[in-house]
Amino acid sequence: MASERILRLGAAPAIGDLFMDSNNEIEVVTEANLDNVELLQIVLPLPGYRTRYPENIIGELYVNAMEQDGVKFVQDAVSEATAKGGYRPLIVSCDDLTWEEVVSDQGSTTQMQTDDDDDVDNNDAVNDIKFHFSLRSGSYATMCLREIMSSTLAR
């Protein structure tokens with residue numbers, strides 16, 4: 001759903017998004033507070049009976065997906081059959097990001113050919129790179145690497 005949020009509404013807060021304020025309360029982005037909300041404050045819901053959903057197209061996508069799957073959250077159901085829900089940040093920044101070029105035993109770097117290249121041009125070769133970074137608990141390193149690679153390859 002995070003990728004869908006970025007595709008449909010862009011990489012900036014949008015009216016109807018949910019955000020976590022300075023008191024760790026979930027609020028809705030409105031015209032009145034839009035200029036004071038940062039992208040890193042935007043959250044997406046983890047569905048549950050206590051969850052509030054975005055008040056825009058993304059909220060509609062959540063509701064439609066749950067209806068199609070027959071998912072309903074009921075507070076008084078047995079605990080194994082329902083969930084309280086929660087929120088996850090749309091975007092998480094990584095800390096301590098460093099990288100280094102990996103050199104093979106032969107003293108050269110490995111070249112990678114893309115599907116679009118018939119011949120490898122040594123001036124455009126992609127070197128092996130080792131990344132080091134820290135993410136907050138619950139964040140996925142594979143998603144961070146995906147964003148690094150898609151940003152780099154798009155240049």
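1. Tyr-62 first: at 8% relative accessibility it counts as buried, where buried means under 20% relative accessible area, exposed over 50% and partly exposed in between, using a 1.4 Å probe and protein chains only. Its ring pairs with that of Tyr-53, and the geometry is tilted, with 5.7 Å centre to centre and 45° between the planes. For the record, rings of Phe, Tyr and Trp (its six-membered ring) pair if their centres lie within 6.5 Å; planes under 30 degrees apart are stacked, over 60 edge-to-face, and the rest tilted. Tyr-53 is also buried, at 18% relative accessibility. A search of the whole structure turns up one aromatic pair.

2. A word on what we're looking at. This is a predicted model, so local features need pLDDT of at least 70 and side-chain atom pairs count only at pLDDT 80 or more, while totals for chains, interfaces and linings use all residues. Residues are numbered from 1 along each chain as its sequence is written, and side-chain values use heavy atoms, with hydrogens and water left out.

3. Overall layout: the protein has three helices and six strands, in the order α-β-β-β-α-β-β-β-α along the sequence. These are DSSP runs numbered from the N terminus, helices being H or I of at least four residues and strands E of at least two. Of the 155 residues, 20% count as buried. Taking contacts between residues at least 6 apart in sequence, 61% join residues at least 24 apart; contact here means heavy atoms within 4.5 Å.

4. Now helix α2, residues 57–69. How far apart are its end C-alpha atoms? They are 18 Å apart, which agrees with the 18 Å that its 13 residues should span at 1.5 Å a residue (the expected span is 1.5 Å times one less than the number of residues). The buried residues of α2 are Ile-58, Gly-59, Tyr-62 and Met-66. They cover an arc of only 110° around the axis, so they sit on the same side of α2; the arc is that of the directions from the helix axis to the C-beta atoms. These buried residues pack against α1 (2–9) and β3 (42–46), while Glu-67 and Gln-68 are exposed on the other side.

5. Asn-56 caps the N-terminal end, with a side-chain oxygen 3.0 Å from the backbone nitrogen of Ile-58. After the helix comes Gly-70, whose phi is positive, near 70°.

6. Arg-5 lies in helix α1 and is buried, with a relative accessible area of 1%. Beyond residues up to four places away in sequence, Arg-5 touches Gly-10, Ala-12, Pro-13, Ala-14, Asp-17, Ile-58 and Leu-90.

7. Tyr-87 lies in strand β4 (residues 86–89) and, at 25% relative accessibility, is partly exposed. Leaving aside neighbours within four places in sequence, its contacts include Leu-18, Ile-26, Val-43 and Arg-52. The side chain of Tyr-87 reaches the backbone nitrogen of Arg-52 at 2.7 Å.

8. Finally, the cysteines. The whole structure has zero disulfides. Cys-94 is partly exposed at 25% relative accessibility, whereas Cys-144 is buried at 15%.

Notes: A polar contact is a pair of N or O atoms within 3.5 Å; within protein, one must be able to donate a hydrogen and the other to accept it, and residues adjacent in sequence count only if both atoms are side-chain atoms. A disulfide is a pair of cysteine sulfur atoms within 2.5 Å.
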